[in-house]
Amino acid sequence: MLDLLTTLDAWLIAPLTDYAFMRRALVGGLALSLAAPPLGVFLMLRGMSLVGDAMAHAVLPGVALGFVLAGFSLPAMSLGGLIAGLLVAGLAGSVSRMTGHREDSAMASFYLISLALGVMLVSLRGSSVDLTHVLFGSILAIDDTALWLIASVASATLLVLALIFRVLVVECLDPLFLRGQGIRGGLVHGVFLGLMVLNLTAGFQTLGTLMAVGLMMLPATTARFWSQRLEGLIGLAILIAMVSSTGGLLVSYHLGLPSGPCIILVAGIAYLVSALCGRYGSLLARVRRRAAPLETDEHTCKPS
Amino acid sequence: MSRLTLEALTLAQSGRTVLENISGTFEDGAITALVGANGAGKSTLIQAIMGLLPPLSGKVHCGVSKERRAWLPQQLALDLTFPMSVEELMLSGCWPTHGTFKRYGPQDYRRMHTIMQRLGLSGLAHRPLGELSGGQRQRALLGRTLMQEAELLLLDEPFANVDTHTVEILCDTLREMASAGATVIVVLHDMEQLAKLADCVFLLAGGHAQWVEPETLLERHHASARRHAHTQAPFISLNLPDVPPCSTY
């Protein structure tokens, strides 16, 4: 029994009590897990799951420019990323409105340009090690400034999300109702995209620009297998993200692997397991439903 | 003075003129059927009345504030995979009084339950929209407009894909709303429903519009149906000159 406790302590607690960088990474990861998954839930429900991915690539040139101008400074790189992300989102939106083409094709074009520009900028200045840092993150580099930044972004995101929650929900279901009420859907959409870019830039320190979107989308898509209610989806997504961040960090510590991919892979495993045996829409749920007896719906069968 | 008047309205969609020089006064407390072939401009006209499509020329005079105008779109326009319950959908009808921030109070819930009972939705408050039948969903959407206390109600083919029980409830509710003074405009394709429901008909064809008596339209339809017994000619194939205009409007 004592052996078990000692092993558990060595695996789960000791890395956090022994090393300050692990504690910082954990707090950063948990803060991100509070803010990013609710955004992911809305992205998923709006059929924009891949837009998050596109935006994660789009922030790269800004991050790279911050890196070229100020070295490995988180505020500079985050600000650069934020500007680049908003610029790409704005450009894609305007080109789509002007040409009448679908927004996703404009978004794809701009993020590819953006990505190439970003990789070019980093390689002009730094080594491939720097590029790896920017692309995949590094928990060792999380300092107090980074923590403050992540915590502020997470708090601001939750606050703004709470303020626009009702509008966002109604806009997702029936945008015309909202337009009829005199609310501009474009404004809500813009604020939402802004929040997303903000979270991606806050997340890249821990997870890297390419992985940051994983903590947003995977918990959301996983939660879909377990809940059919919006509150349930959001709560579960946050929980899954928190468990993945903590689990992923510990795995990366013990096996000496990069933290970003570890965290996302743990979330990925949760997704795969849920797809197999979740409560709604999973493989197992489908098999079970096929075996269940016929259900009659009293309300639709009511005689007129 | 009537709440809704169209004055020499010309409307275009994607650079193509759809309706030209449309005028008409919609009577308060009446149910008007908006009738026309596919592409005749029914949805375009609804958009213009809702204030979502600026006219090329002419004007929509509408004495109803934006918040009290309700539009029941075709069911396909809604994202039914969105995890929202009947209760949440209906409460969103409180938007004019509650906006983004105000909390729903006990009286809102009471009002909602009364409306749900009236629409035969009792016990379905927490059911997700995706699990409802077409008829139940249509009743829930009408419930939202009742919560909204709409004074101008536009419905786009509300009877498509719904059961007869729902059709009856919808017709009764629309009649009650009209009796209470609301202006109701319904896009209709079905002659039987038109005969039951409409007080007057606004017929769109060839980019123009004309008021016609429901009875006249029905007679023409039956005559045409007898002539084309094998092919079942739809009434909407009528051209404007075929139908004598109504004198009352």
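**A guided reading of chains A and B**

Of the 249 residues of chain B, 55% count as buried, where buried means under 20% relative accessible area, exposed over 50% and partly exposed in between (1.4 Å probe, protein chains only). This is a predicted model in which local features need pLDDT of at least 70 and side-chain atom pairs count only at pLDDT 80 or more, while totals for chains, interfaces and linings use all residues. Residues are numbered from 1 along each chain as its sequence is written, chains are lettered from A and ligands numbered from 1 in the order in which they are written, and side-chain values use heavy atoms, with hydrogens and water left out.

Chain B contains eight helices and nine strands; helices (H or I, at least four residues) and strands (E, at least two) are DSSP runs, numbered from the N terminus. Among contacts in chain B with a separation of 6 or more, 72% join residues 24 or more positions apart, a contact being heavy atoms within 4.5 Å.

Six strands of chain B form an open sheet in the order 5-6-7-3-8-9, with mixed pairing; two strands pair if DSSP finds at least two bridges between them. Strand 5 (69-72) and strand 9 (208-212) of chain B stand at the edges, each with a single partner strand, so one side of each has no neighbour in the sheet. From one strand to the next, the twist averages 20 degrees.

Strand 3 of chain B has six of its six residues buried, so it is largely enclosed by the rest of the structure. One of its faces carries B:Ile31, B:Ala33 and B:Val35, the other B:Thr32, B:Leu34 and B:Gly36. Strand 3 of chain B runs parallel to strand 7 (residues 183-187) of chain B through four bridges, and parallel to strand 8 of chain B through five. B:Leu34 takes part in both pairings: its bridge partner in strand 7 of chain B is B:Val187, and in strand 8 of chain B it is B:Phe202.

Helix 8 (residues 214-227) of chain B lies across strand 3 (31-36), strand 8 (200-205) and strand 9 of chain B, at about 55 degrees to strand 8 of chain B; axes are lines fitted to C-alpha atoms, for helices over the stretch in contact, and angles run from 0 to 180 degrees between N-to-C directions.

The packing can next be followed through the nonpolar cores, each a set of buried Ala, Val, Leu, Ile, Met, Phe, Trp, Tyr and Cys residues joined through side-chain atoms within 4.5 Å. The largest has 115 residues, of which B:Phe159, B:Leu174 and B:Leu194 touch the most other members. Helix 8 (residues 144-173) of chain A gives the most to this core, with 10 residues. Leaving aside neighbours within four places in sequence, B:Leu194 is in contact with residues including B:Ala33, B:Val35, B:Val201, B:Leu217 and B:Leu218. A second, separate core of 27 residues includes B:Phe26, B:Ala40, B:Ile49 and B:Phe202.

B:Gly51 lies in the loop between helix 1 (42-50) and strand 4 (57-62) of chain B. Its relative accessibility is 41%, which means that B:Gly51 counts as partly exposed. Not counting residues up to four places away in sequence, B:Gly51 touches B:Lys66 and B:Arg69.

In chain A, 19 of the 26 residues of helix 2 are buried, so this helix is largely enclosed by the rest of the structure. At 1.5 Å a residue, helix 2 (residues 20-45) of chain A should span 38 Å, and its end C-alpha atoms are 38 Å apart, which agrees; the expected span is 1.5 Å times one less than the number of residues. Just after helix 2 of chain A, A:Gly47 takes a positive phi of about 70 degrees.

Helix 11 (residues 212-223) of chain A has 11 of its 12 residues buried, so it too is largely enclosed by the rest of the structure. Its buried residues include A:Leu215, A:Met216, A:Met217 and A:Pro219. The cover over the buried residues of helix 11 of chain A includes helix 2, helix 3 (49-58), helix 10 (185-207), helix 12 (230-255) and helix 13 (259-277) of chain A.
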